[in-house]
Amino acid sequence: DDDDDDDAFAFLRDGVDETIVIPIDLDARVATPPWTRGVSIPLRRRDDDDDGDDDGDEGDDGGGRRNVDRRTRWREPFFGQLGVAPRPDRGVVSSVEPGAHGGNLDNRLLTPGSTAYFRVNVPGAMFSAGDGHAMQGDGEFSVTALETSLRGTFRLSVIKNNSGDAVLAGFPADAPRAMTRSHYLTMSFHESLDVAQNLALRDMLRWMRRVTGLRVVDLYRMRFGSGLFFGVVLFVPPHRPPT
């Protein structure tokens with residue numbers, strides 16, 4: 001038993017050198033890590049086999065309303081890399097670091113049926129996607145998820161500044177935004193988690209002010225009962241070009 005052995009946790013400091021291949025059966029939606037002694041990891045959403053309607057419902061709350069677990073819908077394959085070309089003044093950027101242009105978002109909420117919004121910085125936008133994930137938790141704290149090859153179909157639309165849709169009012173934003181079947185998402189990126197959280201909150205309040213017509217301060221007061229939550233999906237060390 002090495003639970004109390006500090007050396008057993010040295011990999012948290014030094015990293016893991018060994019490469020492990022985890023077989024993933026996408027048809028059966030299951031992964032079987034070699035170290036689990038027969039224990040498999042289901043890739044399917046928990047609601048797949050419940051009521052057949054694929055809506056994430058968890059049951060009736062007694063008042064005729066449906067309880068929905070926000071996590072049930074997002075256990076699906078997704079692309080970790082989504083984005084457009086950065087501003088020309090940024091020059092060449094690493095695909096490792098996310099930013100206002102998108103990139104290595106690794107956001108497991110961006111599954112089939114979701115919509116992501118990016119500011120167009122160059123003619124043609126140069127949208128790209130990649131980094132297929134069969135499954136990922138709330139963050140890539142171990143650097144990778146269950147990586148796999150994926151094929152995707154995307155619908156690309158150009159949104160003009162004068163769009164009459166309230167949801168799209170105030171676009172383009174300075175950072176990626178997204179919508180799922182149940183949530184609005186804002187994303188931010190900074191060396192400080194406190195700053196990143198504050199930037200994401202400010203952008204969400206600006207967006208919801210446009211959508212609802214409410215004052216920012218009133219939206220802020222509602223945050224405790226509004227289902228607002230924050231998540232950290234990726235830690236990325238600053239990229240330094242080789243010298």
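This is a short walk through one protein chain, from its overall make-up down to a few single residues.

The model is predicted, so please hear everything I say with that in mind. The protein chain has three helices and twelve strands. It counts 243 residues, and 31% of them are buried. The exposed surface comes to about 16200 Å², with carbon and sulfur atoms supplying 51% of that area. As for contacts with a sequence separation of 6 or more, 57% of them join residues 24 or more positions apart.

Let me start with the strand β6, residues 78-83. How many of its residues are buried? Six of six, so this strand is mostly covered, taking buried as under 20% relative accessible area. β6 has antiparallel pairings with two strands that I want to mention. With β9, residues 128-135, β6 pairs over five bridges. With β7, it pairs over three bridges. Two residue pairs place these on the model. Phe 78 sits opposite His 133 in β9, and Leu 82 has Gly 103 as its bridge partner in β7.

Staying in β6, look at Gln 81. A polar atom of the Gln 81 side chain lies 2.6 Å from the backbone oxygen of Ser 95. On the Asn 104 side, the backbone nitrogen of that residue is 3.4 Å from a polar atom of the Gln 81 side chain. Leaving out residues up to four places away in sequence, Gln 81 touches Ser 95, Gly 103, Asn 104, Ser 128, Ala 129, Gly 130 and Asp 131.

Buried or exposed? His 133 is buried, at a relative accessible area of 0%. Its side chain makes a polar contact of 3.2 Å with the side chain of Glu 147. Pro 77 is 56 residues from His 133 along the chain, yet their C-alpha atoms are separated by 5.4 Å. Not counting residues up to four places away in sequence, the contacts of His 133 include Glu 76, Gly 80, Asp 106, Glu 140, Ala 145, Leu 146, Thr 148 and Leu 150.

Asp 106 is worth a stop of its own. It is in the loop between β7, residues 102-104, and β8. Asp 106 has a positive phi of about 50 degrees although it is not a glycine. Its relative accessibility is 0%, so Asp 106 counts as buried. Arg 29 is another non-glycine residue with a positive phi, in this case near 55 degrees. Arg 29 is in the loop between β1, residues 24-25, and β2, residues 30-31. Here the relative accessibility is 36%; Arg 29 therefore counts as partly exposed.

Now to a sheet. Three strands form an open sheet with antiparallel pairing, in the order β8-β11-β12. Why is one side of β8 and of β12 left without a neighbour in the sheet? Because β8, residues 115-117, and β12, residues 184-186, stand at the edges, and each has a single partner strand. On average, and ignoring direction, neighbouring strands of this sheet are turned by 15 degrees against each other. Between β8 and β11, residues 177-179, the antiparallel pairing runs over three bridges.

Terms used: Residues numbered from 1 in each chain as written. Predicted model: local features only at pLDDT ≥ 70, side-chain atom pairs only at ≥ 80, totals over all residues. Heavy atoms only, no water. Pairing = 2+ DSSP bridges. Helix = DSSP H or I, 4+ residues; strand = E, 2+ residues; numbered from the N terminus. Axes fitted to C-alpha atoms, helices over the stretch in contact; angles between N-to-C directions. Buried < 20%, exposed > 50% of the residue type's maximum accessible area, 1.4 Å probe, protein only. Contact = heavy atoms within 4.5 Å. Areas by Shrake-Rupley, 256 points an atom, 1.4 Å probe, with all protein chains shown as cover. Polar contact = N/O pair within 3.5 Å; in protein donor to acceptor, adjacent residues only side chain to side chain.
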